[in-house]
Amino acid sequence: MPAASHTSTPPCPPGSAPPTRGGRRFMTLAGAYWRCERKWQVRGAVLLLVLLTIGQVALAIWISYWNRDLFDALEARSGADLLRLIAVFALIFALTMGVTALHMHVKRWIQLDWRRWLTALLLDHWLAHGHLYRLQLAAGDHDNPDGRIAEDIRIAVEVAVAQAHSLLYSLLILGSFIDILLSVSGSALLPGTSIAVPGYLVVAAFLYAGAGTVLGLLFGRPLIRSTNRLQAVEANLRFGLAQAREHAESITLLRGEPMARGEASRLFDDVSQGWNRQTLAYLGIVAFSTGYGTLLPVFPILIAAPQYIAGAMSLGLLMQAAQAFQRLTSALSWPIDNLGELARWRASADRITTLYEDMLALEQRDADGKPGLQRLTLGASAHAELELRALCLTTPAGEPLLDHLDLRLRRGERILISGDPAVTVSLFKAIAGLWPWGSGEIRLPAGRDLMFVPQHPFLPVATLRAALSYPQPPDRFSTASLHRALECAGLAWLTPRLDEREDWSRELPLRAQQRLGMARIFLQQPGWVFIDEATDALAAKDEVDTLELLHHELPNATLLNISRRGRQNHFYDRRLVLERPQPAPASPAPELPEA
């Protein structure tokens with residue numbers, strides 16, 4: 001079946017909601033899948049799943065009557081009836097295999113398709129508007145967004161579809177086997193009275209299942225909180241280990257393995273505590289469920305045995321009544337049987353919903369620009385120039401970094417910015433749209449032909465051709481232009497490896513990585529280049545050669561270079577030194593009059 005399309009229309013407003021409404025919030029979010037562009041294909045698959053579920057129930061009813069006929073035939077010692085029932089069973093067997101196989105295929109298609117749609121929806125928000133970076137600095141419960149998108153969506157979608165099917169199946173079984181049990185159980189007298197109870201097995205089934213559900217809910221109440229906690233600490237452990245892997249070289253050079261080992265042990269201790277809490281939560285429910293399930297097949301036979309002994313019920317009816325009792329109580333016990341899965345679904349659904357709502361909250365702040373939410377305005381200039389108007393930057397805690405900077409940078413100008421690293425880095429991020437703390441206005445040049453080159457360029461695990469072309473597709477550039485870019489950046493020795501696939505962030509030293517970041521400038525020829533300490537790891541002569549080549553290869557490009565070293569001043573038209581504003585001196589305390 002074809003891949004799912006999706007819509008990015010927010011199905012619910014941003015904001016927090018009580019944990020008890022987490023499931024409803026998730027269904028509001030994910031429920032838009034059933035109204036997407038391909039809604040008729042999706043609804044058709046759901047309808048087919050419902051019809052196959054009805055088929056499964058019909059086969060269960062058929063096997064119930066077949067069992068009654070089988071035991072009656074055995075009681076009558078009828079060989080002819082036995083042979084006929086064997087032939088009927090062969091048909092039931094074939095139909096059951098076919099319906100079950102087709103049902104599984106349709107169910108798994110819906111699970112994958114819904115997961116694909118929901119994953120695309122969250123990725124559209126996470127990998128846009130700077131959320132990938134800004135979420136790390138924003139308040140809220142959205143830790144490990146990668147794990148939530150990769151794992152929690154899978155759990156939430158798979159469990160939702162499976163539980164919806166099992167609930168529908170249980171409801172159909174409930175309606176069907178109540179009728180069967182009423183027809184075969186007859187009535188019985190209450191012990192010690194002359195009061196007849198019609199359909200007493202149905203009443204017994206409801207009482208049995210009702211008592212089991214109430215007790216099960218009491219035993220299982222702590223399970224949701226413990227499952228949510230366990231999933232959170234498991235995600236923290238995965239993230240911590242991945243972080244150690246990503247920074248393996250630095251950790252090894254600093255002999256930081258003991259610290260990394262201690263942090264991993266601490267994270268696993270959190271997992272151990274979460275696991276033990278979940279074990280305690282499971283202990284009561286599992287012990288109760290075991291006893292409940294062990295008694296279930298015996299209980300209906302014991303209470304119906306007096307009728308069989310009295311001759312009011314054949315062996316076939318007794319066995320059909322026992323089977324119908326089990327089916328009915330199993331359907332009524334759906335909440336208790338699925339409490340663990342529901343808790344797991346609820347925890348994942350909450351994590352997905354809070355991540356999505358926090359991303360919507362960021363977008364809402366960008367859209368309304370209310371004071372206290374987003375006071376730094378990022379817009380487009382009507383001319384080919386960068387304008388900073390009364391720009392003030394602060395830390396997330398509100399401490400001032402930059403005070404009323406006015407700057408106009410025209411096409412072709414080159415400016416060197418140095419000074420306090422906290423100020424220069426925040427300016428670089430503010431121009432890139434990643435630093436929302438402050439006030440004033442940033443107007444980017446018309447056309448937005450911009451390239452931001454950070455100190456540590458991102459190098460995807462891909463071919464060198466794709467890493468050099470990033471974020472453009474590799475087939476956009478000719479092999480000759482790739483060779484020229486590598487040569488200009490001093491990486492000609494890498495040209496034979498253009499089609500090798502490696503993790504280049506580990507394969508290359510920092511200097512080569514920074515050169516590769518500069519090679520992207522030579523390759524993609526942007527009109528505006530913003531560099532954040534991306535040449536500071538180079539030797540002085542190499543830095544001069546690189547800047548001269550930039551001037552030669554991109555003579556009309558504008559360059560804003562942030563550098564701590566502040567070398568090669570002659571290359572730039574202007575130099576700007578940025579420092580934190582000095583705090584106002586405290587007023588002297590008034591002198592006290594003499595006594």
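The dialogue below goes through several features of this structure, one at a time.

Q: What kind of model is this, and how are its residues numbered?

A: This is a predicted model, in which local features need pLDDT of at least 70, side-chain atom pairs count only at pLDDT 80 or more, and totals for chains, interfaces and linings use all residues. Residues are numbered from 1 along each chain as its sequence is written, and side-chain values use heavy atoms, with hydrogens and water left out.

Q: What does the chain average in pLDDT, and where does pLDDT stay under 50?

A: The term pLDDT stands for the predictor's confidence in each residue, on a scale from 0 to 100. Where pLDDT is low, the predicted coordinates should not be read in detail. Here the chain averages a pLDDT of 81, and 89% of the residues score at least 70. Over residues 1-20 pLDDT stays under 50, and for these residues the model has 48 contacts beyond four places in sequence, a contact being heavy atoms within 4.5 Å. Residues 370-374 also have a pLDDT below 50, with seven contacts in the model beyond near neighbours in sequence.

Q: How many residues has helix α2, and how far does α2 reach from its first C-alpha to its last?

A: Helices (H or I, at least four residues) and strands (E, at least two) are DSSP runs, numbered from the N terminus, and the expected span of a helix is 1.5 Å times one less than its number of residues. Helix α2 (residues 39-76) has 38 residues and reaches 55 Å, close to the 56 Å expected. After α2 comes Arg 77, whose phi is positive, near 55°.

Q: Where is the kink in α9 centred?

A: A bend at a residue is read as the angle between axes fitted to the seven residues ending there and the seven starting there. In α9 there is a kink of about 30°, centred on Tyr 282. The end C-alpha atoms of α9 are 54 Å apart, which agrees with the 57 Å that its 39 residues should span.

Q: Is Ala 260 buried, partly exposed or exposed?

A: Buried means under 20% relative accessible area, exposed means over 50%, and partly exposed lies in between (1.4 Å probe, protein chains only). Ala 260, which has its place in helix α9 (residues 257-295), counts as partly exposed because its relative accessibility is 28%. The buried residues of α9 include Ala 264, Leu 267, Phe 288 and Tyr 292.

Q: What is the order of the strands in the open sheet of four strands?

A: Strands of a sheet pair through backbone hydrogen bonds, either parallel or antiparallel, and two strands count as paired if DSSP finds at least two bridges between them. The order in this open sheet is β3-β7-β4-β5, with mixed pairing, and the edge strands, β3 (376-380) and β5 (400-410), each pair on one side only. Between β4 and strand β7 (residues 438-444), which run antiparallel, there are five bridges, and Leu 393 stands opposite Gly 438 in β7.

Q: Which residues is Glu 385 in contact with, leaving aside its neighbours within four places in sequence?

A: Glu 385 lies in strand β4 (residues 385-394) and is buried, with a relative accessible area of 8%. Its contacts beyond those neighbours are Arg 408, Leu 409, Arg 410, Arg 443, Leu 444, Pro 445 and Trp 528.

Q: How many bridges join β6 to strand β12?

A: Four bridges join β6 to β12 (residues 558-562), and these strands run parallel; the partner of Arg 414 in β12 is Leu 559. With strand β13 (residues 574-578), β6 pairs in the parallel sense over five bridges. Strand β6 (residues 414-419) is mostly covered, five of its six residues being buried.
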